[in-house]
Amino acid sequence: MKKFKITFNSPVVLGFIFISLAVLLLGFATLGVSNEVLFMTYHSSLTNPLTYIRFFTHVLGHGGWDHYIGNASFILLLGPMLEEKYGSKRIMQVILITAFVTGVVNYFLFPNVALCGASGVVFAFILLTSFTSFRNGEIPLTFILVAVVFLGQQVYEGVVLTDDISNMSHVIGGIIGAVVGFKLNRK
């Protein structure tokens with residue numbers, strides 16, 4: 001009988017999850033100071049170099065265990081399949097683009113709101129997943145349903161609810177996932 005071994009099957013996704021976990025633990029150890037300094041984007045001076053770093057690193061920070069576990073669950077569920085289909089480089093690009101766009105939009109449109117967490121990445125992965133069986137000249141019904149259900153819910157909650165959830169980053173992440181999915185699967 002062949003022995004089973006554990007494989008590091010999805011380096012970008014696993015790296016992202018482990019780094020996010022380390023950032024969460026660092027946040028607990030520093031009583032949140034590390035999140036404020038490095039892993040949360042907010043309206044700070046454009047002359048501060050950390051402002052530009054935080055446009056990318058805010059997706060690694062989380063507000064607590066529930067926030068981290070919720071995002072990590074979706075990323076671990078969807079990410080390995082996406083990384084296998086599109087490759088590690090493309091998945092890294094999706095994460096970086098989502099981080100940058102959500103960070104910049106939050107900075108300019110919501111100057112009084114701090115943003116941290118990988119929810120935008122989660123929604124990018126959700127919409128990107130719905131394109132996995134895309135064929136040229138066709139729009140998958142799953143994509144339409146996912147877009148209506150997930151993005152519709154975020155738009156509705158963004159208008160109706162007042163909570164600490166950045167529906168804007170969810171919608172932007174979903175749009176990025178949809179655009180990337182369409183472009184990668186057009187060929």
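Student: What should I keep in mind about the model and its numbering?
Tutor: Residues are numbered from 1 along each chain as its sequence is written, and side-chain values use heavy atoms, with hydrogens and water left out. The model is predicted, so to speak of local features takes a pLDDT of at least 70, side-chain atom pairs count only at pLDDT 80 or more, and totals for chains, interfaces and linings use all residues.

Student: How many residues of helix H6 are buried?
Tutor: Helices here are DSSP runs (H or I, at least four residues), numbered from the N terminus. Buried means under 20% relative accessible area, exposed over 50%, and partly exposed in between, with a 1.4 Å probe and protein chains only. H6 spans residues 119-129 and is mostly covered. Its buried residues include Phe 123 and Leu 127, and the count is eleven of eleven.

Student: Is Leu 31 buried or exposed?
Tutor: Leu 31 sits in the loop between H1 and helix H2 (33-38). Its phi is near 55°, a positive value in a residue other than glycine. Most residues other than glycine have a negative phi. Because its relative accessibility is 78%, Leu 31 counts as exposed.

Student: Is Ile 91 buried or exposed?
Tutor: Ile 91 belongs to helix H5. From Tyr 156 it is 65 residues away in sequence and 28 Å away in space, C-alpha to C-alpha. Since its relative accessibility is 0%, Ile 91 counts as buried.

Student: Which helix gives the most to the lining of the second largest pocket?
Tutor: On a 1 Å grid over the protein atoms alone, a pocket is an open set of points where a 1.4 Å probe fits, with protein on both sides within 12 Å along at least five of seven lines; lining residues have an atom within 4 Å of a point. Among the 13 lining residues, those closest to the centre are Phe 16, Leu 60, Met 92, Ile 95 and Leu 96. Helix H1 (11-29), helix H3 (49-57) and H5 each supply at least two lining residues. The top contributor, with five residues, is H1.
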